[in-house]
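Here is a short briefing on one protein chain. Keep the sequence and the 3D view open as you read.

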Amino acid sequence: MLKQRILTALVLLAILLPALAYPSFVPLAVVTLILIATGCWEWGRLNGLAQAASLGLAAVGSVLCLASWWVGWIALPLPWLWQVAGAAWVLLGGWLLARGVAGWPQTARWLRLAGGVLALWLAWLAMARARAIGINFLLSILCLVWVADICAYFAGRALGRRKLAPAISPGKSWEGVWGGMAGVLLLALVWAWADGHWQAAVPSLYARLLGMGLLWWLPALLFLTAMSVVGDLTESLVKRSSGMKDSSNLLPGHGGVLDRVDALLPTLPLALMISNFARP
């Protein structure tokens with residue numbers, strides 16, 4: 001299993017890193033659009049759709065991404081959209097987690113399907129917009145989620161005693177959450193220092209926030225880290241409700257696409273929302 005995980009991760013990096021580093025955002029937008037379409041297909045399966053209907057949902061997600069690309073939304077700041085998306089994630093994410101696993105099937109299926117596709121589309125658009133701003137900016141958002149996840153894993157294993165949401169994801173602990181937050185704060189300090197030291201042409205998210213002062217920087221980073229956990233728990237809730245361990249088996253050793261991007265779904269649009277207030 002470990003060899004599978006490592007091999008799959010290396011293959012994904014071999015695809016994503018050149019696309020990320022390419023001078024134009026187009027290759028990354030195309031690669032991630034494919035991932036989002038796959039995530040929509042997985043979302044359909046998690047919510048009881050047959051294969052053909054799940055593929056139709058993937059087509060809907062792809063059309064939304066392509067349409068927003070075609071009308072030029074990637075090049076626009078769209079503060080209103082990120083504010084609406086951010087409010088929806090905070091309110092609906094909290095509501096879903098409060099209702100628990102039993103509450104998910106009680107929501108009309110068309111609402112569940114629409115909500116998932118919209119969340120995936122918004123994450124793709126936020127990713128493309130962040131890449132259009134600059135590689136440093138996008139990479140700082142992605143690394144926030146990755147570092148939070150890694151630090152939470154090790155802190156949870158070493159110190160975890162109090163379960164975070166045992167009915168949804170028994171392996172997560174409050175100690176893991178605090179460890180993830182500590183890791184993100186350290187990452188942010190080092191990255192913001194590096195931005196200044198090497199005179200980054202495009203400031204990272206951390207440098208933008210730090211420019212607003214510590215009273216803005218600290219709560220914003222803690223909030224983004226907490227919302228990455230909300231994204232993770234929300235997908236876990238849906239999987240537990242559907243009786244599935246992974247969203248699919250497309251990524252050997254890692255499960256499915258949704259299993260890899262769940263924490264990014266709220267974090268990407270929320271980071272853009274916050275960055276609109278924290279201009280360099």
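Which residues of α3 are buried? They are Ser 54, Leu 57, Ala 58, Gly 61, Ser 62, Cys 65 and Ser 68. Buried means under 20% relative accessible area, exposed means over 50%, and partly exposed lies in between (1.4 Å probe, protein chains only).

This is a predicted model, in which local features need pLDDT of at least 70, side-chain atom pairs count only at pLDDT 80 or more, and totals for chains, interfaces and linings use all residues. Residues are numbered from 1 along each chain as its sequence is written, and side-chain values use heavy atoms, with hydrogens and water left out.

**Helix α3**

- Helix α3 runs over residues 51–70 and has 20 residues. Helices here are DSSP runs (H or I, at least four residues) and strands are too (E, at least two), numbered from the N terminus.
- From first C-alpha to last, α3 reaches 28 Å, close to the 28 Å expected at 1.5 Å a residue. The expected span is 1.5 Å times one less than the number of residues.
- Ser 54, Leu 57, Ala 58, Gly 61, Ser 62, Cys 65 and Ser 68 are the buried residues of α3. They sit on the same side of α3 because they cover an arc of only 135° around the axis. That arc is taken from the directions from the helix axis to the C-beta atoms.
- On the other side of α3, Ala 52, Val 63 and Trp 70 are exposed.
- The buried residues of α3 pack against α2 (26–46) and α5 (109–133). Contact means heavy atoms within 4.5 Å.

**Positive phi angles**

- Most residues other than glycine have a negative phi.
- Leu 78 is not a glycine, yet its phi is positive, near 50°. Leu 78 is found in the loop between α3 and α4. At 6% relative accessibility, Leu 78 is buried.
- Gln 199 is not a glycine either, and has a positive phi of about 50°. Gln 199 lies in the loop between α7 (174–197) and α8. With a relative accessible area of 63%, Gln 199 is exposed.

**Salt bridges**

- How many salt bridges are there? The count is four. The rule asks for a side-chain nitrogen of Lys or Arg within 4 Å of a carboxyl oxygen of Asp or Glu.
- Asp 232 and Lys 172 form one of them, at 3.4 Å from N to O. This pair links distant parts of the chain, with Asp 232 in helix α9 (residues 214–242) and Lys 172 in strand β2 (residues 169–173), 60 residues apart.
- Asp 232 is buried, at 14% relative accessible area. Lys 172 is partly exposed, at 23%.
- Lys 239 and Glu 235 also meet in a salt bridge, at 3.7 Å from N to O. They are four residues apart in helix α9, so about one helical turn separates them.
- Asp 259 forms a salt bridge with Lys 239, and their closest N and O atoms are 2.8 Å apart. Asp 259 is in helix α10 (residues 257–261) and Lys 239 is in helix α9, 20 residues apart.
- Both Lys 239 and Glu 235 are buried, and Asp 259 is buried too. Glu 235, Lys 239 and Asp 259 are linked in a network of salt bridges.

- Helix α6 (residues 135–159) has 25 residues. Its reach is 35 Å from first C-alpha to last, close to the 36 Å expected.
- The buried residues of α6 include Phe 137, Ser 140, Cys 143 and Leu 144.
- Tyr 206 lies in helix α8 (residues 205–210). Tyr 206 is buried, with a relative accessible area of 0%.
- Tyr 206 touches several residues, among them Ser 140, Cys 143, Leu 144, Trp 191 and Trp 217, not counting residues up to four places away in sequence.
- Tyr 206 and Phe 137 are 69 residues apart along the chain, and their C-alpha atoms are separated by 8.6 Å.

**Helix α4**

- Ala 88 is in helix α4 (residues 79–99). Ala 88 is partly exposed, at 31% relative accessible area.
- Ala 88 and Ala 75 are 13 residues apart along the chain, and 23 Å separates their C-alpha atoms.
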